[in-house]
Every structure is written in structure tokens, then in C-alpha cells.
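Hi,

Here is the structure I promised to pass on. My notes on its salt bridges follow below.

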Amino acid sequence: MGFVTRFAPSPTGQLHLGHAYSALLAHDMARAAHGRFLLRIEDTDTARCTPAFEAQIYDDLAWLGLTWETPVLRQSDNTAAYDTAIDRLGEMGLLYPCACTRGDIRRAASAPQEGAPMHGPDGLIYPGTCRHRRWDDRADSDAVRLDMARAVDHLQTLPCYTETGSHAASTLTRALLIEDIGDIVLARRDTKTAAYHLSVVVDDAAQGTTHVIRGEDLATATPIHVLLQALLGLPTPIYHHHRLIRDEQGKRLAKRDDARAIALYRSEGATPDDIRGMVGLPPA
């Protein structure tokens with residue numbers, strides 16, 4: 001089957017050291033396995049994504065010494081595939097429309113059941129306010145949610161997945177999916193676009209991804225992706241969640257950390273091997 005991995009940035013700001021580490025690590029692992037390294041542009045956030053940031057991504061990655069196959073998959077060009085996946089899950093009776101705002105969810109979750117977790121991979125666990133609504137009664141202003149209990153019951157057996165470095169595959173559990181994750185959003189109400197969990201699953205299948213290499217902050221989202229893969233009949237990759245690059249105070253880097261932007265290091269005379277050293281990777 002080979003080794004196929006990808007780096008999937010969003011063009012909402014400049015790449016920083018954390019992005020460099022993730023991209024370089026994935027590229028190094030692909031080359032070591034004589035595999036393929038792909039690039040994906042996650043640009044469905046139309047309010048924040050810009051052509052200038054996308055062009056900067058290509059320029060910074062090429063400067064770091066990375067090469068990738070073309071054409072690059074851009075999420076904004078793949079919306080029909082997300083719509084098809086949503087229609088399929090809807091026909092299976094696993095989706096419902098949701099009109100709740102973030103404020104509505106905060107208020108409904110202000111008195112959680114004793115012992116029940118309040119937060120999951122997407123923040124506050126949805127309390128199920130709109131779960132009674134019918135899928136065919138949805139309005140254009142509604143978000144789309146996965147009914148997690150129905151999704152779990154739809155599968156005869158829950159799937160498992162492999163993390164590199166693990167001695168055994170991790171099997172999903174009903175309690176984890178229903179109690180600790182809950183009814184996730186698959187299409188947003190504000191932008192009418194597919195949410196991250198759905199688009200990443202569809203895209204990884206479309207690109208033939210065999211190994212997902214990403215930050216450990218996304219490890220808690222992996223059960224969601226594995227479940228969606230099982231529901232949609234898509235292959236499950238092997239997952240590798242790497243350490244995060246943090247600042248001197250131990251806080252993980254974000255795009256607001258302009259002082260650590262790759263473009264700035266470049267302008268100050270840093271070399272690609274300097275960047276590799278900063279993130280703890282050997283010279284190329």
C-alpha cells in the first residue's frame with residue numbers, strides 16, 4: 001500500500017515554528033519510507049483565508065526544502081464531496097439540524113449532570129437540545145449534527161485504529177463517543193461549510209492518506225474521524241500525533257505568535273537547517 005502522508009495548513013496567517021516542525025517531520029517520515037508527501041490547503045474559512053497567506057505557505061515550505069505532488073488539494077474545490085458525505089449520513093438517519101448558538105449551548109450546559117464531562121474535543125459537549133428535530137425539516141440557517149448514539153448503534157462493531165509506537169490498536173467505546181464527545185457538528189451554521197471533522201476524513205480518503213502525522217492536540221479528535229470513516233466506508237489511516245512546539249512559558253505556538261513566523265526568521269538570515277535545529281530535527 002505504501003506510505004502516503006500530508007501536511008494540511010489553513011491560509012489564515014503565516015506559518016510558524018510549530019507548522020514547520022509538523023511539515024518537516026511528515027516530509028522526513030515520507031522520504032524515509034520511500035513514500036509520498038502531499039499538501040492540502042484547508043481554506044473553507046472564507047472570512048479569514050487569503051490568497052496572500054496561501055502563497056506564503058507555498059513559498060515558506062519550498063524554502064524549507066519540502067517538495068510535494070501537484071495539483072494541491074484545496075478544500076474550497078472539494079465541497080461537492082463533503083455534500084455527498086453529508087447526504088449519505090442523512091439518508092442513514094444519523095444527522096439532525098441544529099439552530100443553537102454558542103450562547104444557547106453555554107446556557108443549556110450550565111447545569112451539567114453530576115459526574116458528566118462538560119468539555120470534549122470541540123469544547124462544550126452539546127446537550128442535545130435539537131436532537132428531536134427531523135433531518136428533512138432543516139432550514140438553511142441550521143448547523144448539521146451527528147446523532148452520536150444513533151451512529152454508534154448503526155455499527156455492528158466499533159472500529160479500532162493504530163497509533164505509531166503503540167503495541168496494540170485502540171478500540172473505540174460507546175462511553176467515549178457518546179459521553180465524552182457527544183453530537184458533533186459536521187456542517188457549520190455560520191459559513192454553511194463542512195466542519196473540520198467531516199472534511200478531513202473525506203480529504204484523507206480522497207488523497208489516499210495512509211499515515212496521518214499531526215500535533216498531539218488533535219489526538220482527542222481521532223476517535224471522531226475513525227467513527228466517520230467506518231460510517232462512510234472509508235479506510236482508516238495509521239495515526240502519529242507528535243509533540244507541540246511551545247514558547248518559553250510552555251504555551252503552544254499559534255498564528256498570533258508573529259515573532260516566530262517562518263517568514264520573519266527568513267528575513268533575519270536564518271537557514272532551513274537553523275529552523276530544523278530550533279524544532280529539534282537533524283539537518284537535512
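Which residue forms a salt bridge with Arg107, and how far apart are the closest N and O atoms? The partner is Asp104, and the closest N and O atoms are 2.7 Å apart. Keep in mind that this is a predicted model. Both Arg107 and Asp104 belong to helix H4 (residues 102-108). They sit 3 residues apart, about one turn of the helix. Arg107 is exposed, at 56% relative accessible area. Asp104 is partly exposed, at 28%.

Arg74 and Glu54 form a salt bridge, with 3.0 Å between the closest N and O atoms. Arg74 is in strand E3 (residues 73-74), while Glu54 is in helix H2 (residues 51-63). The two are 20 residues apart. Glu54 has 9% relative accessibility, so it counts as buried, the cut-off being under 20%. Arg74 is partly exposed, at 25% relative accessibility.

Then there is Asp45 with Arg48. Their closest N and O atoms are 3.3 Å apart in this salt bridge. Asp45 has a relative accessible area of 23% and is partly exposed. Arg48 is also partly exposed, at 48%.

Salt bridges link Arg6, Arg40, Glu42, Asp203 and Asp204.

For the overall count, a search of the whole structure gives 20 salt bridges.

Best wishes

Methods: Residues numbered from 1 in each chain as written. Predicted model: local features only at pLDDT ≥ 70, side-chain atom pairs only at ≥ 80, totals over all residues. Heavy atoms only, no water. Salt bridge = Lys/Arg side-chain N within 4 Å of Asp/Glu carboxyl O. Buried < 20%, exposed > 50% of the residue type's maximum accessible area, 1.4 Å probe, protein only. Helix = DSSP H or I, 4+ residues; strand = E, 2+ residues; numbered from the N terminus.
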